[in-house]
Amino acid sequence: MKLKNYILLILIIIGLATQAQELNCKVSVISPNNQSVDPRVFKNMEIAIQEFLNGRKWTNDSYKPYEKIKCSITLNITEIPTEGTYKADAIVQSQRPVFNSMYNTVLLSYKDNDFDFDYADLQILDYNNNAYSSHLTSLLAYYAYMIIGYDNESFSENGGEDDFQQALTIINNIPSQVQSQYKGWNKLDGTRNRFALVDGWLNPRYKMMRKAFLFYHFNGLDNMYTDASKSRTVITTALTFLQQVNKDNPNLMPLRVFFEGKKEELLNIYSKADIAEKNSVVQLLSTLDPVNAASYKKIGK
């Protein structure tokens, strides 16, 4: 009887491990100076958001504990107009390990300047995949699916399709009056917004961007340990795919977000290339990411 109970316990543990949640997210809440709110409110907020992200099962996929996606959300509260009402911006980042190395590559690095929300101290964060619950949980769920989508896209062709579709569903579930109250959900909310980010991934017009993202990570970075020179060539091919997208829409939001997270990595990748390759890639990167053209010129030196 004791043996049976032991075996059952082992099976339960194994079962729980195979059903592990997807995210390993570190949440930081930065509160404004000279405010009257009890600092414990911000600590409770930090804990609640972190537990919400890490404690939920967002997909039907099985993740082992070591496969959890490393990510972070840094929430910077800029104003508290009334008690329980917060104006904020948020930096959302995620990364994944590169095969056969100790290096983690940044997949998503994005600053959301419209991360405004309501929160009551010790509030339970409710969420329903099929309906709107609150603005805060919609924001968090949206970024949870975007983080998972970015991760899956780096491993397989259109791997993040279901996750991006779920992020779009979250947008569609937000009532029109809420979208009017909070910026960032509507495609008319400037050139940088949550709709533009997910729409860029799902729009068939930009399928070459998804191909480039997979080539860059799975075919390029993940083989860097085996053959660095060949991997750089693959990464350059990925950049030429992005060049096609850039010609069609140079302001495509996922394209801009990609280079915001990859500038330093690209400088490092091509630092060991020969002079001809360096000169060629400097010109390519300067065209794709003109904002950082001065930084890319360092490659050729």
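Predicted model: local features only at pLDDT ≥ 70, side-chain atom pairs only at ≥ 80, totals over all residues.
## Helices α8 and α10

Helix α8 spans residues 228–248, and helix α10 spans residues 275–288. Their axes come within 10 Å and cross at roughly 30 degrees. Angles under 35 degrees count as roughly parallel, so α8 and α10 are roughly parallel to each other. The crossing is left-handed.

From α8, the contact uses Arg232, Thr233, Thr236, Leu239, Thr240, Leu242, Gln243 and Asn246. From α10, Glu277, Val281, Leu284, Leu285, Thr287 and Leu288 take part. By class, the contact residues are six nonpolar, six polar and two charged.

## The largest pocket

The largest pocket has a volume of about 490 Å³. Its lining comprises 20 residues. Nearest the centre lie Tyr66, Glu67, Lys68, Pro97 and Phe155.

β3 gives the most, with three residues. The lining divides into eight nonpolar, five polar and seven charged residues.

## The second largest pocket

The second largest pocket holds about 270 Å³ of space. It is lined by 14 residues. Tyr103, Leu221, Met224, Asn268 and Ile269 lie nearest its centre.

Helix α8 returns here: α8 and α9 (253–269) each supply at least two residues of the lining. α9 gives the most, with three residues. By class, this lining has eight nonpolar, three polar and three charged residues.

Key
Residues numbered from 1 in each chain as written. Heavy atoms only, no water. Axes fitted to C-alpha atoms, helices over the stretch in contact; angles between N-to-C directions. Helix = DSSP H or I, 4+ residues; strand = E, 2+ residues; numbered from the N terminus. Parallel < 35°, antiparallel > 145°, perpendicular 65-115°, else oblique. Left-handed = near helix turned anticlockwise from the far one by under 90°. Contact = heavy atoms within 4.5 Å. Nonpolar A, V, L, I, M, F, W, Y, C, P; charged D, E, K, R; others polar. 1 Å grid on protein atoms, 1.4 Å probe; cavity = no way out; pocket = protein on both sides within 12 Å on 5 of 7 lines; lining within 4 Å. Points joined across faces, edges and corners; volume = space filled by probe spheres on them.
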